[in-house]
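Here is a short report for a reader new to this structure.

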Amino acid sequence: MAAPAPQQGQTVMVAVDESECSRRALEWALRNLAPTLAPPLLLLTVQPLVPLGYVSAASFGTPLGTVPPVAPELIKSMQDQQRELTQALLSKAKAICAEHGVPVETIVEVGDPKEMICEAAEKKNVDLLVLGSHSRGPIQRLFLGSVSNYCVHHCKCPVLVVKNQG
């Protein structure tokens, strides 16, 4: 089945992260939708609230059931690192768009990716949301959830999922 192409001048948002499937989705959108886009193409990335792995590591050795104090310097360092990673990701995505001559607007949200993607699409009045599929198996989807599946079922606009071709 052919993907629904947006009509001339419609707003398209591509959700990007550091994954290869995200890059493929962006490139697919640029190859197939560029002539019909209402500039700019919206690029969205979502930062997680707290990298829980670092906080868990900081609690190593504390008595069970107690919350260890987390140094403000650690939190600031994590936030700075997340900001740098986000800017690097968006720079790469903008460079890919520039190669296709497509102007972009970048959006950074903080929170649960699946919820924030749907909220941003609604807030920006998006006509089509494009995202990649990580192609997780049923067990991984059960435990990790599927951002693309959530968006397909909860976004108010059409959602195009670019599947891994491998």
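This is a predicted model. Start with Thr36, in the loop that links helix H1 (20-33) and strand S2 (41-47). Thr36 counts as buried because its relative accessible area is 17%, and the cut-off for buried is under 20%. Its side chain also reaches back: the backbone oxygen of Leu33 is 2.9 Å from the side chain of Thr36.

**The sheet**

Five strands form an open sheet with parallel pairing, in the order S3-S2-S1-S4-S5. S3 and S5 are its edge strands, each pairing on one side only. On average, neighbouring strands are turned by 25 degrees against each other, direction ignored. S4 and S5 pair over four bridges, in the parallel sense. Leu131 has Val161 of S5 as its bridge partner. Helix H4 lies across S1, S2, S3 and S4. Helix H4 runs at about 150 degrees to S2.

**The cores**

| Nonpolar core | Residues | Members include |
|---|---|---|
| Largest core | 21 residues | Val14, Leu26, Leu41, Leu43, Val130 |
| Second, separate core | 17 residues | Val46, Val126, Cys151, Cys157 |

In the largest core, Val14, Leu26, Leu41, Leu43 and Val130 touch the most other members. Strands S1, S2, S4 and S5 and helices H1 and H3 each supply at least two residues of this core.

Which residues does Leu41 contact, leaving aside its neighbours within four places in sequence? They are Val12, Val14, Leu26, Leu30, Cys97, Val102, Pro103, Val104 and Glu105.

Technical notes: Residues are numbered from 1 along each chain as its sequence is written. This is a predicted model: local features need pLDDT of at least 70, side-chain atom pairs count only at pLDDT 80 or more; totals for chains, interfaces and linings use all residues. Side-chain values use heavy atoms; hydrogens and water are left out. Buried means under 20% relative accessible area, exposed over 50%, partly exposed in between (1.4 Å probe, protein chains only). A polar contact is a pair of N or O atoms within 3.5 Å; within protein, one must be able to donate a hydrogen and the other to accept it, and residues adjacent in sequence count only if both atoms are side-chain atoms. A nonpolar core is a set of buried Ala, Val, Leu, Ile, Met, Phe, Trp, Tyr and Cys residues joined through side-chain atoms within 4.5 Å. Contact means heavy atoms within 4.5 Å. Two strands pair if DSSP finds at least two bridges between them. Axes are lines fitted to C-alpha atoms, for helices over the stretch in contact, and angles run from 0 to 180 degrees between N-to-C directions.
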